[in-house]
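Please open the structure in your viewer and keep the selection panel at hand. The stops below say what to select next and what is there.

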Amino acid sequence: MAGIGRLPWCGWRRASPTWTGAPAASLVILSKFASAEVSDYRLDMALRWGAIHQVAALAAFSAAPWRPTVTARDIAARAGIALIFIPAGMDMAVLLEAVMHEIGGDAERALGRAKQGLEAVLAAGSSGGGLEDLRAAVSMALGTTVEFRPCAADGAVRGRPAANGGPGASVTGGSPGPRETAGGSPGVPAAGGSPAARETVADRGGAAHDGLGGEVSDPVVVGDTAIGRFVAPDAHGDFGTAVRLVLHSAALTAGRLLDLARQAREMPVRSRSELLAELLMSDSAINEDLLERARQLAIPIGGWHVVVRIEADDLQEAEPDEVQRFGLLEAAAQAALQAAAATGGTWYLSRIARAILLVRVTNSNPGPQAGARAARSAERALQAIGDRLPALRFRAGVGTPHEGPTGLRASAAEARGALLAARAALKPAGVAAHDAVGVQRMLMEWYASDTARASVRDQLAPLEKLGPARADTAIRTLAAYLDEQGSIVRTAQKLHLHRNAVANRLRGITELLELDLDDPDQRLALQLACRARLLD
């Protein structure tokens, strides 16, 4: 009975409220006054008298767990008398109600156990404890073994509980008893997991019994995934019905608590991911608000950054449904982050559109080998994704280390450029590292600055107004023309177009831009703008 302690070697028996003339197999409950008088020889004498009359148990009120003398314990043990302590603050009416439930027959006893079990579930749910705390509280309140049996990898419920007090450990609860309700009536807490998921897992092996077979169970569902079951292996008849009610409530509460814990763990990760995406995607200057948010989320934005960008080559073909694609990318991102973190260092995860970004941050310059180390981490990440999603083909681009917020953008641009270059060159899926020397690196570092981005945006604004598709075509045509030093013939060959089509495009482009392409300064500025724009 919850709230009533007992010595571990004693049992619990049926009750009779009288001391004088108490029949055999009775429980003798001392009043609070009599309990205060129990000491030394008087308790020994009472126990000897109880042994003669075959009293089953002796209960006394105590402010602390009762500690009878060694002699009293020895007499009680030899006579088979349970020594029980009742918390001094317990209301006598509540105590007697619980006792009457215990002696009132199977249905009455089952109702009392169900009430105690539901109250234990409510108390555990309110306290925000873990799965093991909830299981132990329910086991104690019901007075029977309650186990948690986790699901195996294939979703089947394992037949044996985990040992050593782990999440699947079982504890045989003590004798149930009354408890004082903290407020409110017993009920069923909010569910954890969808009804469909609970029905699905109930159809698998280990479905809840009707209480007649001796075992009662209920699935614990987090989100839409069953992680295991609460199982009472020895629950029969009316008591089995009560246990089934309590286990159902306990399973719902466990699912809700575990889901809340999962959200609490994921919230900082998601917030960091969103902030990094905002830093990388924003065309505006990195303001103090972004930096302050980074500090609050413990992102060392002022450190050195190396970015790994991961994309799938065939995601659209493999999964046409956008919702399913999102789920695949989430799974790939988590696998990549875990694999990268296993290689050492501090890694952060972000998502931009259909790209996965892993950012390794150090407080000081990691040295010239940082890119190579990041490439090896990227290989591990691709391997982990391949193991989880073997039907998809992923590749990665790796940037070089840069310092500060603008350095983060620069490394991200390098990673994207390396990935695009490998794809354009029709290289097989794998890891492509950014070339640490040459014009491309200089261009990326220049374009990572806020002033350069603003300049590019202003120069190409008339073309951007054409819309994404037409703007991209116009900028690629102009970039090819400038790279080919103003040769329409070579530009047509490069773009696989007729030279008249190229000439017509360029005529419309120059009219929109209102620039003189014969001016070398304007040509250089425009060429840099086009190349930088094509990095996005």
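**Confidence first**

Colour the chain by pLDDT, the predictor's confidence in each residue from 0 to 100: the chain averages 77, and 77% of the residues score at least 70. This is a predicted model, in which local features need pLDDT of at least 70 and side-chain atom pairs count only at pLDDT 80 or more, while totals for chains, interfaces and linings use all residues. Residues are numbered from 1 along each chain as its sequence is written, and side-chain values use heavy atoms, with hydrogens and water left out.

Select residues 1-19, where pLDDT stays under 50 and the model has 64 contacts (heavy atoms within 4.5 Å) beyond four places in sequence.

**The sheet**

Helices (H or I, at least four residues) and strands (E, at least two) are DSSP runs, numbered from the N terminus, and two strands pair if DSSP finds at least two bridges between them. Now show the open sheet of three strands, whose order is 5-7-6 with antiparallel pairing. Its edge strands, each pairing on one side only, are strand 5 (147-150) and strand 6 (214-222). Strand 6 is joined by eight bridges to strand 7 (residues 225-235), where Ala226 stands opposite Val221.

**Helix 19**

Which residues of helix 19 are buried? Select Val502, Leu506, Ile509 and Leu513, buried meaning under 20% relative accessible area (1.4 Å probe, protein chains only). Their cover includes helix 15 (450-459), helix 17 (468-483) and helix 20 (520-533).

Note on methods: Buried < 20%, exposed > 50% of the residue type's maximum accessible area, 1.4 Å probe, protein only.
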